[in-house]
Amino acid sequence: MISCHQDIAADSCFAVGFSTGFADPFQSASWVYRELFWKTGLLGQLLYLEAETVGVRATGIGCFFDDAVHRLLGLDGLAWQSLYHFTVGGPVEDRRVRSLPPYAHLRRSGEERPDSAMIKRVRANRTRA
Ligand SMILES: Cc1cc2nc3c(=O)[nH]c(=O)nc-3n(C[C@H](O)[C@H](O)[C@H](O)COP(=O)(O)O)c2cc1C
């Protein structure tokens, strides 16, 4: 529910929220606000990579109900805020989304370009895996 009712959070192996001390740092330096998002983003990127390494998948969750999170954790006021969430689990392929090999658009002339035949092959390989 907290992740805007998204199934990817409810049906995952686990979902986490990154919370941070919030109000105090801004008293002297407003740029800390941006830096806190960089830091949570960095943690998220680590989770993306670690998940792939162990054969599962991950998704950053930017849509969540922060007030509900704070109530759940018993956090009052602005001293602590949840800035970013993350979910890790087994993937469910969305067949509506077209996938191509990485950097397919950078292939040199003469090399195979992504076309419908390549897309079919990629899809067939995925089904076999
Ligand atoms: C900061 C951030 C927030 C995101 N929030 C959500 C989210 O709430 N729900 C969701 O399904 N995906 C979310 N995603 C995942 C993106 O929708 C997308 O799947 C991911 O960035 C990979 O996109 P790409 O394959 O086009 O590179 C988020 C990603 C990031 C980096």
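The domain assignment of the protein gives domain 1 (1–92) and domain 2 (94–129), with bounds that come from an automatic or database domain assignment. The C-alpha centres of domain 1 and domain 2 lie 32 Å apart. Please keep in mind that this is a predicted model: local features need pLDDT of at least 70, side-chain atom pairs count only at pLDDT 80 or more, and totals for chains, interfaces and linings use all residues. Residues are numbered from 1 along each chain as its sequence is written.

**Around the ligand**

- Gln6, Ile8, Thr59, Gly60, Ile61, Gly62 and Cys63 surround the ligand; a residue counts as near a molecule if its C-beta atom, placed from the backbone, lies within 6 Å of it.
- Strand 2 (residues 57–61) gives the most to this shell, with 3 residues; helices (H or I, at least four residues) and strands (E, at least two) are DSSP runs, numbered from the N terminus.
- By class, the shell holds 3 nonpolar, 4 polar and no charged residues. Here Ala, Val, Leu, Ile, Met, Phe, Trp, Tyr, Cys and Pro count as nonpolar, Asp, Glu, Lys and Arg as charged, and the others, Gly among them, as polar.
- Gln6, one of the shell residues, touches Ile61 and Cys63, not counting residues up to four places away in sequence. Contact is taken as C-beta atoms, placed from the backbone, within 7 Å.

**The segment before helix 1, and helix 1**

- Cys4 lies in the segment before helix 1, and its phi is near 50°, a positive value in a residue other than glycine.
- Because Cys4 has 12 other C-beta atoms within 10 Å, Cys4 is exposed. The scale runs from buried (20 or more other C-beta atoms within 10 Å of its own) through partly exposed (in between) to exposed (12 or fewer), with C-beta atoms placed from the backbone.
- His5 is in the segment before helix 1 as well; phi of His5 is near 60°, again positive in a residue other than glycine, and His5 is exposed, with 10 other C-beta atoms within 10 Å.
- Gln6 is also placed in that segment, but Gln6 has 18 other C-beta atoms within 10 Å, so Gln6 is partly exposed.
- Asp7 belongs to helix 1 (residues 7–10) and counts as exposed because it has 10 C-beta neighbours inside 10 Å.
- The C-alpha atoms of Asp7 and Gly21 are separated by 29 Å, although these residues are 14 apart along the chain.

**The nonpolar core**

- The largest nonpolar core has 8 residues: Ile2, Ala9, Ala15, Ala58, Ile61, Phe64, Tyr84 and Phe86. Such a core is a set of buried Ala, Val, Leu, Ile, Met, Phe, Trp, Tyr and Cys residues joined through C-beta atoms within 7 Å.
- Strand 2 and strand 3 (80–89) each supply at least two residues of this core.
- Ile2 is in contact with Phe64, Phe65, Ala68 and Val69, leaving aside its neighbours within four places in sequence.

**Helix 3**

- Helix 3 (residues 32–53) has 22 residues and reaches 32 Å from its first C-alpha to its last, close to the 32 Å expected at 1.5 Å a residue. That expected span is 1.5 Å times one less than the number of residues.
- After helix 3 comes Gly55, whose phi is positive, near 85°.
- Trp38 is found in helix 3 and counts as exposed because it has 9 C-beta neighbours inside 10 Å.
- Trp38 and Asp11 are 27 residues apart in sequence and 27 Å apart in space, C-alpha to C-alpha.

Technical notes: Contact = placed C-beta atoms within 7 Å.
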